Amino acid sequence: MKVDVYLEPGELDEKLRADAYRGLTSTPKYLSPTWLYDARGSELFEEITRLPEYYPTRTEFGLLRRFAGEIADSAQPEVLVELGSGSSEKTRVLLDALEPYTHTYVPQDVSEPALRTAVSQLSAEYPKLTVHGVVGDFTDSLDRLPSGGRRMVAFLGGTIGNLVPEERDQFLSGLASILERDEWLLLGAGLVVDPEILVPAYDDAAGVTAEFDRNVLRVLNNRLGADFDADRFVHRAVWDAENEWIEMRLEATEPMTVSVPGLDLEVSFEKGEQIRTEISAKFRLDRLGAELDRAGFVVRREWIDPDGRFTVLGAAR
Ligand code: AVJ
């Protein structure tokens with residue numbers, strides 16, 4: 001059991017400052033979804049995954065439970081790499097099925113505490129498995145992923161949808177370029193569905209997603225000394241039909257000026273002005289296939305739930 005830390009001390013703070021400065025001084029304003037996940041944000045996300053309206057997590061979990069055996073037999077990886085591993089029940093479903101093939105598990109996450117917990121739990125549960133954690137941003141970690149056996153890189157949960165198309169292209173080509181022939185990407189992605197299903201998934205009746213969204217303002221308060229009053233922002237979930245993505249936005253309920261000492265910045269808001277806090281793109285299988293193709297992958301298998309809401313697909317180099 002081993003954990004490599006590929007983050008310089010202060011690197012995340014530096015990134016947060018650069019991101020927040022750029023986003024809060026742009027028109028329209030935006031923030032990167034990365035910052036939604038402090039300890040409280042991660043807890044709220046866990047709560048979201050249990051909401052009746054939020055189908056992606058349980059749909060993907062169902063696909064993994066049902067098809068883990070097929071995934072294992074088709075990819076036959078010696079090493080499982082999991083990007084953005086978090087805590088994750090779904091890892092166990094995969095690891096159980098991969099047991100005949102896989103000797104090493106490499107979880108990667110930006111959160112060092114979450115990763116250390118996962119590494120020690122999984123090492124205890126899977127004594128025959130070598131567990132080698134990597135702390136870092138998933139885009140920067142790619143070229144430092146341990147090799148030493150045929151790899152399958154799992155990028156699950158639909159997180160690929162949080163990247164804007166240009167970042168997504170870069171990420172997929174970057175991943176393709178470090179993988180060797182017959183190594184796999186196992187990708188979980190949300191599919192385009194009726195906005196009447198989609199929008200409530202990102203704007204639930206209990207208000208948990210709203211709390212999750214507003215929490216990013218508290219992150220800015222805690223880490224940059226900002227004085228956002230989260231109660232003066234309402235959560236919006238908007239389906240962008242042209243781009244086929246959901247946007248989470250925080251909307252100012254009244255005009256205000258917020259000071260952000262960590263950025264040496266005053267930010268003013270008009271009443272009704274919005275900050276985009278996340279995009280969550282949904283995909284069509286043909287276009288996702290074409291994108292993977294352009295990046296240098298060959299889609300080998302696609303698993304889809306009966307309602308056509310989510311796909312787990314295997315693409316090889
Ligand atoms: C964890 C990125 C997959 O985009 O569906 C949940 C995050 N945002 N509700 C998603 C999220 C609002 C989630 N991912």
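Colleague: In which sense do strand 8 and strand 9 pair, parallel or antiparallel?

Modeller: Please keep in mind that this is a predicted model. Strands of a sheet pair through backbone hydrogen bonds, in one of two senses. Here strand 9 covers residues 245-252, and within this pair Arg236 stands opposite Arg249 of strand 9. Eight bridges join strand 8 to strand 9, and the sense of their pairing is antiparallel.

Colleague: Which strands are the edge strands of the sheet?

Modeller: The sheet is open and has four strands with mixed pairing, in the order 2-12-9-8. An edge strand pairs on one side only, and this holds for the strand at 29-30 and for the one at 233-240, which are strand 2 and strand 8.

Colleague: Why can the chain be called as compact as a globular protein of its length?

Modeller: The secondary structure of the chain comprises ten helices and 14 strands. For 317 residues the globule rule gives 20 Å, and the chain is as compact as a globular protein of that length because its radius of gyration is close to that value, at 20 Å.

Colleague: What share of the residues in the chain is buried?

Modeller: Being buried requires 20 or more other C-beta atoms within 10 Å of a residue's own. Among the 317 residues of the chain, the buried share is 39%.

How values were computed: Residues are numbered from 1 along each chain as its sequence is written. This is a predicted model: local features need pLDDT of at least 70, side-chain atom pairs count only at pLDDT 80 or more; totals for chains, interfaces and linings use all residues. Helices (H or I, at least four residues) and strands (E, at least two) are DSSP runs, numbered from the N terminus. The radius of gyration is taken over C-alpha atoms; the globule rule is 2.2 Å times the number of residues to the power 0.38. A residue is buried if 20 or more other C-beta atoms lie within 10 Å of its own, exposed if 12 or fewer, and partly exposed in between; C-beta atoms are placed from the backbone. Two strands pair if DSSP finds at least two bridges between them.
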